[in-house]
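Me: I am new to this structure. Please show me how to read its features, one at a time.

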Amino acid sequence: MSDLRSPARPLDRARAAVRPVLAAVSRPTGMVEGTRWLFWLLAILSLALSTPAPLLQGRTPSTLPAIAAVTALAASLTIGYLSRRARWGLDLLDGLAVVVLACSGPSPATIFALVFAMIWFRSLYGSAAGALLRCTLYAGAMPVILFLWPVVVGSAGGAQAPVVLSAIPTMFVTVVAARHLFGILRDRQQEAQRDAIHAAAGAMLLGVTDLTEIRRVTWQAVSDICVATPGLRVLGTQQVGEGLQVVASTGSFDHVPTTLSSAVRGTLEQHQGDAPAMTGLAELDATVGLPCLWHCLPAFDQSVAGWMILGSPRRLPEQAVVTLTSLVTQGLLAMRNGQAHRELTVQATLDSLTGLANRALFNTALSTTLAAADGTETAVLFVDLDDFKDVNDLLGHSAGDELLREVAARITVATRTDDLCARLGGDEFAVLLPRTSADEATAIARRIVTAVGGRMNLTAGVAQVGASVGLAVDVGDSTPDQIVQRADIAMYAAKAGGKGRMQLFSAGLLQGDSVQAAFERQLSAAAANDELVVHYQPVVSLPDARCTAVEALVRWQHPERGLLDPGHFIAAAERTGAIRDIGMFVLRQACADAADWRGSRPGADLAVHVNVSALQLDDDAFCDEVLRCLEEFSMPADELVLEITETVVISSPAAIDTLNTLAAHGVVVAIDDFGTGYSALTTLRSLPVSIVKIDASFVAGSTVNPRDRAVTEAVVQMASRMGMRTIAEGVERPDQQALLESIGADAAQGFLYLRPAPADDLVRWLDAQPAPASTPGDVVVSLPRRHAVGRA
Ligand code: C2E
Ligand code: CA
Ligand code: CA
């Protein structure tokens with residue numbers, strides 16, 4: 001093998017040797033370097049073309065100096081090009097070589113083309129003053145040539161004087177033109193670099209939500225822009241007391257101070273964003289050691305008040321300021337996005353009413369605690385309020401909310417710092433007690449019963465509720481579901497045992513006919529026994545306030561306990577599977593009612609929203625049942641909206657298949673309670689979702705809390721960008737509606753329009769709405785009048 005290759009070796013070696021030389025002299029990228037390369041090449045060419053004249057002279061004494069001069073000039077030009085610098089040593093050598101070359105030729109004018117080519121090339125390096133000085137050197141060489149040439153040639157040179165001297169002014173004009181060209185090229189190149197840095201930073205910031213990373217990316221881009229803009233320096237500052245603290249710096253400083261005085265801060269405050277830039281700021285000038293022009297921009301980090309101070313001697317490049325301003329805005333936007341993202345994440349784990357953990361966080365914490373328990377006991381308390389509904393009915397919903405907050409506070413006080421208190425929904429709370437024995441947990445449960453059972457002074461009056469607490473303790477043998485179920489069973493036993501007490505779970509509770517078991521048995525028969533009732537709540541489009549749809553919400557007419565809201569039985573129904581029958585009952589009833597309304601109110605078609613639970617979607621038969629229902633009641637598929645929660649879909653591939661099939665038939669899918677789960681809107685992209693229902697907690701917060709408002713706004717905007725409609729839930733007041741309108745939400749639902757009501761009440765309410773002028777069939781809701789309408 002090696003023998004076969006050996007003939008090629010010398011060639012390869014030659015190629016290898018030539019490659020770096022070719023690389024060094026091939027055209028570089030960048031406007032400035034590219035132009036320098038071109039002018040260097042032209043100067044070399046010029047030198048090559050002016051060489052034959054002296055040599056053809058044939059005067060032997062001149063030939064050697066001419067060859068030496070040409071060699072020196074070629075070397076000097078190439079060294080200058082490769083080292084990318086102006087060097088005075090090389091200029092002197094150039095001057096000398098030019099004189100020698102001129103004196104060796106038939107006429108001093110033979111070197112003019114070369115001198116001009118050299119001026120163009122050399123003027124692209126160093127300062128303008130340096131370029132003029134160099135030109136003066138070349139100009140000075142001219143009289144020397146005029147003096148020496150006749151001596152060397154041995155003839156009178158007087159006739160050459162006007163030709164040679166008249167070139168001198170043009171040499172200076174050439175320097176000015178070359179410097180001008182250089183300035184334009186340099187500015188363009190810097191601008192292109194800054195644009196590239198800006199674009200790269202912008203692209204990075206789009207995908208970052210971590211605030212520290214946003215700060216790092218933005219500041220790195222500021223530093224890169226400083227590098228691309230010679231002379232530019234930037235100080236990052238924060239307000240501290242009256243003055244400013246310097247938190248970052250980039251660019252060349254004599255010394256970076258730790259603080260700046262209140263005087264500097266005052267000037268910055270006065271001139272923020274002003275053009276032209278500020279001068280005469282001695283304290284800032286001292287940091288650079290030169291008088292500079294200064295400009296300031298607001299800091300991109302909205303969490304701190306402060307400025308970014310830009311400075312540069314002589315002139316502050318306008319384009320650099322524009323780029324930095326735009327970068328700061330981009331950083332600011334990214335910070336806001338990151339903040340909103342963080343809040344969404346926090347809100348996804350907290351109960352917005354009480355600030356306690358929500359069900360999702362509780363479940364996660366329970367799983368983690370059990371997994372890490374390592375033989376230690378873990379206790380779970382389930383707390384259900386007794387007679388909470390009375391407070392809501394007698395004192396109103398806001399009193400109910402106030403009471404729930406007070407209960408949350410009392411439970412928190414009754415527990416220890418390491419315990420996790422959560423609100424699971426409605427009036428149900430839970431406490432996770434890591435590393436806690438049954439005795440300790442019993443003591444805490446008793447404290448909760450006593451604390452919650454005390455009188456509460458609410459704004460609307462005095463209230464008193466009880467707490468029934470169920471307690472289950474795991475000794476390392478149960479799953480999260482099992483321990484939760486046991487605490488739940490114990491809680492029902494506590495309630496059955498007379499309310500306002502606690503009950504520790506024991507296997508005995510499972511035997512015999514425990515209260516929970518009886519309740520669940522009744523629940524599983526509720527649909528068959530015709531004990532279920534469907535209430536409806538209108539969905540109203542914004543801003544025209546037309547009732548476009550209704551949501552079906554189930555209630556259970558319990559044989560002993562009266563009409564129960566879903567909060568009392570849906571969780572149990574999901575646990576036992578009774579939700580399948582309940583859900584099917586609601587779907588059929590809603591389709592039947594919708595068919596009635598289509599008959600009695602022609603032209604005013606209302607879409608019907610039906611809540612669907614995870615279990616239903618996992619059922620193979622569900623899809624067929626829905627389609628059969630549509631056929632039986634001649635219901636247009638796009639008038640049926642299935643409401644599902646985010647967690648349902650994300651957890652089950654089968655559910656996604658079912659939804660895709662139904663959506664392909666035209667059935668509409670809505671995501672319910674959006675914002676309370678873990679998902680971001682973008683994760684729903686792959687699902688056939690057309691409607692996003694923004695959870696009531698965001699609506700409640702939006703008018704009082706700018707952050708809630710920002711989140712609501714972000715969800716609406718992003719949903720609309722993804723082609724989804726938005727319905728805001730839990731709208732209770734006109735100001736909430738006004739805000740939602742301004743944000744651009746498509747529709748609203750809540751007590752402001754109507755509380756969930758039986759079908760007959762809903763029809764009466766619909767009939768009472770004024771008919772719109774434009775679309776005769778639709779129902780228009782008149783807000784001020786309807787404000788007081790409530791459920792019986
Ligand atoms: P959801 O689907 O989020 O239904 C909206 C709940 O918010 C209803 O509670 C409604 O009464 C209440 N609401 C409406 N407007 C307002 C308002 O302005 N302020 C306040 N504070 N609340 C308002 P409801 O009827 O008690 O239902 C509770 C949950 O039970 C429903 O929440 C839904 O998740 C579930 N649910 C109800 N019916 C069914 C059903 O047929 N099947 C399934 N799987 N779940 C159902
Ligand atoms: Ca719903
Ligand atoms: Ca909802």
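Me: Which residues form one aromatic cluster?

Reply: First, the ground rules. The model is predicted: local features need pLDDT of at least 70, side-chain atom pairs count only at pLDDT 80 or more, and totals for chains, interfaces and linings use all residues. Residues are numbered from 1 along each chain as its sequence is written, chains are lettered from A and ligands numbered from 1 in the order written, and side-chain values use heavy atoms, without hydrogens and water. Rings of Phe, Tyr and Trp (its six-membered ring) pair if their centres lie within 6.5 Å; planes under 30 degrees apart are stacked, over 60 edge-to-face, the rest tilted. Here Y492, F519, W556 and F569 make up one cluster.

Me: How many aromatic pairs does a search of the whole structure find?

Reply: Seven. Take W40 and Y81: their ring centres are 4.8 Å apart and their planes are at 15°, so this pair is stacked. W40 belongs to helix α3 (residues 31-50) and Y81 to helix α5 (residues 60-83), so the pair ties together parts 41 residues apart in sequence. Helices (H or I, at least four residues) and strands (E, at least two) are DSSP runs, numbered from the N terminus.

Me: Is W40 buried or exposed?

Reply: Buried means under 20% relative accessible area, exposed over 50%, partly exposed in between (1.4 Å probe, protein chains only). W40 is buried at 7%. Y81 is buried too, at 5%. Now look at F121 and Y125: that pair is edge-to-face, with 5.5 Å between centres and 75° between planes. F121 is buried at 0%, and Y125 is buried at 3%.

Me: Where does the charged end of R134 sit?

Reply: A charge sits over a ring if NZ of Lys or CZ of Arg is within 6 Å of the ring centre and within 35 degrees of the ring normal. The charged end of R134 is over the ring of W88, 5.8 Å from its centre. R755 lies over the face of F751, 4.0 Å from the ring centre.

Me: What order do the strands of the open sheet have?

Reply: Two strands pair if DSSP finds at least two bridges between them. The order is β7-β8-β6-β11-β12, five strands with mixed pairing. β7 (420-425) and β12 (502-504) each have a single partner strand, so one side of each lacks a neighbour in the sheet.

Me: Which strand do five bridges join to β7?

Reply: That is β8 (residues 428-433), and the two run antiparallel. In this pairing, R423 stands opposite F429 of β8.
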